[in-house]
Amino acid sequence: MRAELIAAIRARGGICTRDEACGVAAVHVVDDAVRVGALRVAAPAVYALPELPDNTELRRRVALAHHRDGALSHTDALDVWGLPGALDGSVHVTVRGDHSACLADGVKLHRRRYFRDEPGVVRVRDGLRVVRIEQAVIDSWPLLPALDQRAPAIIAVRDRRTTGARLLASLAKQPWVPGARQMGELFGLLDSGLHSELEIWGHANVFTDSRLPPSTTQRAVRVGSRRVYLDRAFDDVMLDVELDGAAYHGTPGQRERDLRRDAALARLGWLTVRYSHPRLHAEPAEIVGEVLDIITTRRRQFGRAS
């Protein structure tokens, strides 16, 4: 019977609860397997095959097996969603406020009054139950160093995996969370179409200059069968101002993609001008004057009064 038990647990990915194990074999067979080391106790009433490596993935799976109505949250959820955020060695799990299970070693349990393990609250990603991406961003804010707090939200919006509006809506449901004011300011900027720290800085220090006409952030333009988004568009003169961060635009492959994109936009009449991170920060006044001169020239070319 032990062989059948081990085979059944292996078919489940190497982890099972005591109830699941006892549904396959008699209680004494399960207990004997634990006694001889064929199974190890990974958490209260949760078993794992001894050959499984003791890594982050295993600890998360064990935590979810132990807390059946919970989901990975905080920085663990960020990691599962592929967003930056330093892990602290614990597994963060959010459960209902009335959850009463014994804590497993290495698990930080977060009780939320209105939490429910259901599709509107929890997603399944890579086989793991995890809170929604918006909740992960908000939960993690107070756990991250100040310099790293904004990155998960910015990257999630930049990669179009959520929106500023969704983040604001999630924040509105829990206005008491630490950092709510700072998050609200950032999410509002993201909702306005600013999708990077460079764009946010440029908006505050360059493109809101009173000498410049109004512009549109993240302006969608159809190029053939795909849609591209312009960082800062002056629609009346079809001027696209792109802000190039070194980390994203500095690689040869991305540089080639930028050139192809600019050429495709030019065929539609758009002029693309690019400013690097160093120049934007070092010469904001000069860039304002340069953009204003380009707009004036484009208006003349279009036969419009400057």
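Visitor: Where is Gln-218 found?
Guide: Gln-218 sits in strand S9, residues 216-223. Strands are DSSP runs of E with at least two residues, helices are runs of H or I with at least four, and both are numbered from the N terminus.

Visitor: What kind of model is this?
Guide: The model is predicted: local features need pLDDT of at least 70, side-chain atom pairs count only at pLDDT 80 or more, and totals for chains, interfaces and linings use all residues. Residues are numbered from 1 along each chain as its sequence is written, and side-chain values use heavy atoms, with hydrogens and water left out.

Visitor: Back to Gln-218. What about its phi?
Guide: Gln-218 is not a glycine, yet its phi is positive, about 50°.

Visitor: Buried or exposed?
Guide: Gln-218 counts as buried, at 13% relative accessibility. The cut-offs are under 20% relative accessible area for buried, over 50% for exposed, and partly exposed in between, with a 1.4 Å probe and protein chains only.

Visitor: And what is the phi of Arg-160?
Guide: Positive as well, about 60°, and Arg-160 is not a glycine. Arg-160 is in the loop between helix H7 (151-158) and helix H8 (164-172). Its relative accessible area is 41%, so Arg-160 is partly exposed.

Visitor: New topic. How many salt bridges does the structure hold?
Guide: There are 28. A salt bridge here is a side-chain nitrogen of Lys or Arg within 4 Å of a carboxyl oxygen of Asp or Glu.

Visitor: Which residue does Glu-51 bridge to?
Guide: Arg-10, with the closest N and O atoms 2.8 Å apart. The pair links distant parts of the chain, 41 residues apart. Glu-51 is in the loop between strand S3 (46-48) and helix H4 (56-66), and Arg-10 is in helix H1 (residues 2-11).

Visitor: How accessible are those two?
Guide: Glu-51 is partly exposed at 46%. Arg-10 is partly exposed too, at 47%.

Visitor: What does Arg-274 meet in a salt bridge?
Guide: The side chain of Asp-244, at 2.8 Å from N to O. Arg-274 lies in strand S12 (residues 271-276) and Asp-244 in strand S11 (residues 239-244), so the bridge ties together parts 30 residues apart in sequence. Both residues are buried.

Visitor: Which residues are in the network around that pair?
Guide: Asp-240, Glu-242, Asp-244, Asp-258, Arg-261, Asp-262 and Arg-274 are linked by salt bridges.

Visitor: Switching to sheets. What is the order in the open sheet of 3 strands?
Guide: S1-S3-S2, with antiparallel pairing. Strands pair if DSSP finds at least two bridges between them. Strand S1 (15-17) and strand S2 (40-43) are at the edges with a single partner strand each, so one side of each has no neighbour in the sheet.

Visitor: How many bridges join S2 to S3?
Guide: 3 bridges, and the two strands run antiparallel. Arg-40 has Ala-48 in S3 as its bridge partner.

Visitor: Last one. How much space lies in the second largest pocket?
Guide: About 340 Å³. It has 14 lining residues, and the closest to its centre are Arg-112, Val-121, Gln-135, Lys-173 and Gln-174. A pocket is an open set of points on a 1 Å grid over the protein atoms alone where a 1.4 Å probe fits, with protein on both sides within 12 Å along at least five of seven lines; lining residues have an atom within 4 Å of a point. The volume is the space filled by probe spheres set on the points, which are joined across faces, edges and corners.
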